[in-house]
Amino acid sequence: MTTTTYDVVIIGAGPVGENVADRIVQGGLSAAIVERELVGGECSYWACMPTKALLRSASVLRSARQVPGACEAVTGDLDVAAVLRRRDSFASNWQDDGQASWLESVGVPLFRGHGRLSSERVVEIVGKDGATTTLTARHAVVVATGSSALVPDIEGLRASAPWTSREAVAASEIPSRLAIIGGGVVASEMATAFADLGSSVTMLARDGVLHLADPFVGERVAESLRDKGVSVRVGAEAAAVKRNDDATVSITLVDGEQVDADELLVAIGRIPNTQDLGLDRVGLRPGAWLTVDGTMRVVGDDGTLIGGGWLYAAGDVNRRVLLTHQGKYQARAVGDVIVARAKGVAVDDGRWGRHAATADEAAVPQVVFTDPEIASVGLTAAAAEAAGLRVRIVDYDLAATAGSSLHADGYSGHARMVVDEDRTVIVGFTLVGPDVGELLHAATIAVVGEVPLDRLWHAVPAFPTVSEVWLRLLETYGR
Ligand SMILES: Cc1cc2nc3c(=O)[nH]c(=O)nc-3n(C[C@H](O)[C@H](O)[C@H](O)COP(=O)(O)OP(=O)(O)OC[C@H]3O[C@@H](n4cnc5c(N)ncnc54)[C@H](O)[C@@H]3O)c2cc1C
Ligand SMILES: NC(=O)c1ccc[n+]([C@@H]2O[C@H](COP(=O)([O-])OP(=O)(O)OC[C@H]3O[C@@H](n4cnc5c(N)ncnc54)[C@H](O)[C@@H]3O)[C@@H](O)[C@H]2O)c1
């Protein structure tokens, strides 16, 4: 007999749903999880892992070519077929047996099918065979259904069957010409990947390249994309799209110009997976992002808790931060707070408390795997100023460290630290340069720990590493 009542029911087995389930069972409660596609979600099969696999080989080749002694050993070009095979293996060939076994090993039953809220604490699941299962949660239902690509209402766009990030990430062939609508993170990473893999790429970056980052970031990435032969068209906006009889696609821009390509990737942001989730049954609007309180309980438009607080939302679907690591961080807080409430233990939801996801507002780290890489945490200078902080910006040329000159000939990069002058702590840090992603965590610790600059002078970077930029930034700031 199938057990139909669990302490917690989770809809969506992406990275966030999996982590909520794990915390719930670690806390001694029972959990069941519902998944309509693959256990592991977008991140495992169509996002983080396969995109980075697509980007990594060219990055390694570039690194080798920048170091005499190694560059002489590079006698060929990128092996595209081998890159795609490695990508396939990082997407587990789009099979989820491994992650489904993990769920089983931690004691979380998996219900395959589309889940919907049908009433308070009740989730109805319709399986592929049409059979319906009903699960009731004693304590909480957690929505972790993630997000999907936004395809805008541009004339002819949908009918032209454009790629979203899914088709780009899983591509089995590299198109000769790829056009991209968008200038954000997906557009920039995919322009890099496909240019490296041999496509002739045109990027229609209406609002600029990575325009929400500190301005030097987008400038460096756009320059590098252009050096690779990418046509970066800042300000260009698509007005109409047509798939031609010969399978090519033509994009007419607002100014009347036409851009032709073999495939078109649309990468202009995300929509929440809440269209068919039964939100209307609990007083919410289908298709809306879910708004949450400090412990990720869903609130209605009037700010009151849905049903008194049994419904939680974590990960992309609550729109706080659309990143895997941040969603998993929320998941740990959500799992733990549900357990605490179920057991009548005090909730610790103050700033930096165990049950709060404070870093979502203060210290989100992100690495964008373009060439050069971008690593950032916390506030940009503009955001810090807009938040009313008395800010000092400290810049340093990353190429001027002994470590970077050893890392690669012709190393080029930049570092910026944003200091809150009233507290003399770092509130934002951005690095641009080859392989800077691995330098980021030191900055994340400094921001989260609110480490005073006076103390940071005692955190001595090893010589000769690129991390010596920390000392250079402090020297530039002054003692
Ligand atoms: C191209 C691309 C690259 C990215 N790269 C990175 C990166 O390098 N680093 C990073 O941190 N982030 C990256 N992201 C973002 C990252 O993928 C998301 O933040 C992350 O996947 C969110 O996890 P989630 O569990 O909230 O949602 P998802 O991963 O979307 O998982 C949600 C799950 O819920 C299931 N589901 C939805 N509705 C239902 C339903 N009604 N019933 C049952 N199941 C349902 C879905 O099938 C899915 O498996 C990238 C995103 C994209 C698009
Ligand atoms: N390495 C990483 O961390 C990584 C990689 C890929 C994706 N992601 C995450 O996935 C999410 C989605 O990425 P994304 O690139 O789709 O969104 P995004 O929000 O990063 O960028 C969207 C871009 O599209 C532009 N845009 C919006 N509407 C447009 C329109 N109608 N026409 C032309 N341009 C338009 C915006 O100005 C913006 O530059 C992001 O939030 C990101 O954090 C992370």
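This is a predicted model: local features need pLDDT of at least 70, side-chain atom pairs count only at pLDDT 80 or more; totals for chains, interfaces and linings use all residues.
Student: Why does Gly 278 count as partly exposed?

Tutor: A residue is buried if 20 or more other C-beta atoms lie within 10 Å of its own, and exposed if 12 or fewer do. Gly 278 has 18 C-beta neighbours inside 10 Å, and therefore counts as partly exposed.

Student: Which residues does Gly 278 touch, leaving aside those up to four places away in sequence?

Tutor: Its contacts are Arg 116, Leu 117 and Ser 118, contact being defined by C-beta atoms within 7 Å. The C-alpha atoms of Gly 278 and Arg 116 are separated by 5.0 Å, although the two residues are 162 residues apart along the chain.

Student: How many bridges connect β17 and β18?

Tutor: Four bridges connect strand β17 (residues 365-368) with β18, again in the antiparallel sense. Val 368 has Ile 374 of β18 as its bridge partner, and a hairpin of four residues joins β17 to β18.

Student: Why is β18 described as mostly covered?

Tutor: Six of the six residues of strand β18 (residues 373-378) are buried. Buried requires 20 or more other C-beta atoms within 10 Å, so each of these residues reaches that cut-off.

Student: Which residues come nearest to ligand 2?

Tutor: Of the 23 residues around ligand 2, the nearest are Gly 184, Val 186, Arg 206, Asp 207 and Leu 322. Two or more shell residues are given by each of α7 (185-196) and β17; α7 gives the most, with four residues.

Student: How does the shell around ligand 2 divide by class?

Tutor: There are 12 nonpolar, six polar and five charged residues. Gly counts as polar and Val as nonpolar, while Arg and Asp are charged.

Student: How do the residues around ligand 1 divide?

Tutor: That shell holds 14 nonpolar, 16 polar and six charged residues. Gly 12, Gly 14, Gly 41, Gly 146 and Gly 315 come nearest to ligand 1, and Gly counts among the polar residues.

Methods: Residues are numbered from 1 along each chain as its sequence is written. Chains are lettered from A and ligands numbered from 1 in the order in which they are written. A residue is near a molecule or strand if its C-beta atom, placed from the backbone, lies within 6 Å of it. Two strands pair if DSSP finds at least two bridges between them. Two residues are in contact if their C-beta atoms, placed from the backbone, lie within 7 Å.
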